[in-house]
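Visitor: I have a model on screen and some questions about it. Can you walk me through it?

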Amino acid sequence: MKLVVLVEYAPFAASDKAPTATVAGKPVALMPSADGRTLEAVVAFDTYAPPLEGEQVLRIVAENDQKTVRDAVYPFTVDV
């Protein structure tokens, strides 16, 4: 089972610092999508040891060139 994530990052796109994402403290790779305005990530639950289950949190942090930081937290439930 996996979670597919789309993140709109247009306000932060000009920044030299790429947004970061984590689930259960493990980094999640964010890749540019074809539209150039969003980032995509796939969270494969079974790649975690132990595998993800129950309530989890996706955390995304972005900073623009003016040092404005956006820290977003998205809870989700893994019920496999």
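Visitor: In which loop does lysine 67 lie?

Guide: The model is a predicted one: local features need pLDDT of at least 70, side-chain atom pairs count only at pLDDT 80 or more, and totals for chains, interfaces and linings use all residues. Residues are numbered from 1 along each chain as its sequence is written, and side-chain values use heavy atoms, with hydrogens and water left out. Strands here are DSSP runs (E, at least two residues), and helices are H or I runs of at least four, both numbered from the N terminus. Lysine 67 lies in the loop between β6 and β7.

Visitor: What is the phi of lysine 67, and is the residue buried or exposed?

Guide: Phi of lysine 67 is near 70°, a positive value in a residue other than glycine. For burial, the classes are buried (under 20% relative accessible area), exposed (over 50%) and partly exposed in between, with a 1.4 Å probe and protein chains only. At 59% relative accessibility, lysine 67 counts as exposed.

Visitor: How many residues sit between β6 and β7 in their hairpin?

Guide: β6 and β7 pair in the antiparallel sense over 10 bridges; pairing requires at least two DSSP bridges between two strands. Within that pairing, isoleucine 60 stands opposite alanine 72 in β7. The hairpin turn holds lysine 67, and the number of residues between the strands is 5.

Visitor: How many helices and strands does the chain have?

Guide: Along the sequence the pattern reads β-β-β-β-β-β-β. The count comes to 0 helices and 7 strands.

Visitor: Which residue in β3 stands opposite valine 23?

Guide: β2 and β3 pair in the antiparallel sense over 3 bridges. The loop between these two strands contains alanine 24. Opposite valine 23 stands lysine 26.

Visitor: What is the phi of alanine 24, and is alanine 24 buried or exposed?

Guide: Alanine 24 is not a glycine, yet its phi is positive, at about 55°. Its relative accessibility is 52%, so alanine 24 counts as exposed.

Visitor: Which residues does valine 23 touch?

Guide: A contact means heavy atoms within 4.5 Å. Residues up to four places away in sequence are not counted. The partners of valine 23 are Val28, Val43, Tyr48, Leu52, Val57, Leu58 and Phe76.

Visitor: Which side chain makes a polar contact with that of threonine 38?

Guide: Threonine 38 lies in strand β5. Its relative accessible area is 12%, so threonine 38 is buried. A polar contact is a pair of N or O atoms within 3.5 Å; within protein, one must be able to donate a hydrogen and the other to accept it, and residues adjacent in sequence count only if both atoms are side-chain atoms. At 2.4 Å, the partner is serine 33.

Visitor: What is omega at the cis peptide bond?

Guide: Proline 50 is found in the loop between β5 and β6. The cis bond joins alanine 49 and proline 50, with omega at about -5°.

Visitor: How far apart are the C-alpha atoms of tyrosine 74 and isoleucine 60?

Guide: Tyrosine 74 lies in strand β7 and is partly exposed, at 43% relative accessibility. Neighbours within four places aside, tyrosine 74 is in contact with Gln56, Val57, Leu58 and Ile60. Tyrosine 74 and isoleucine 60 are 14 residues apart along the chain, and their C-alpha separation is 8.4 Å.
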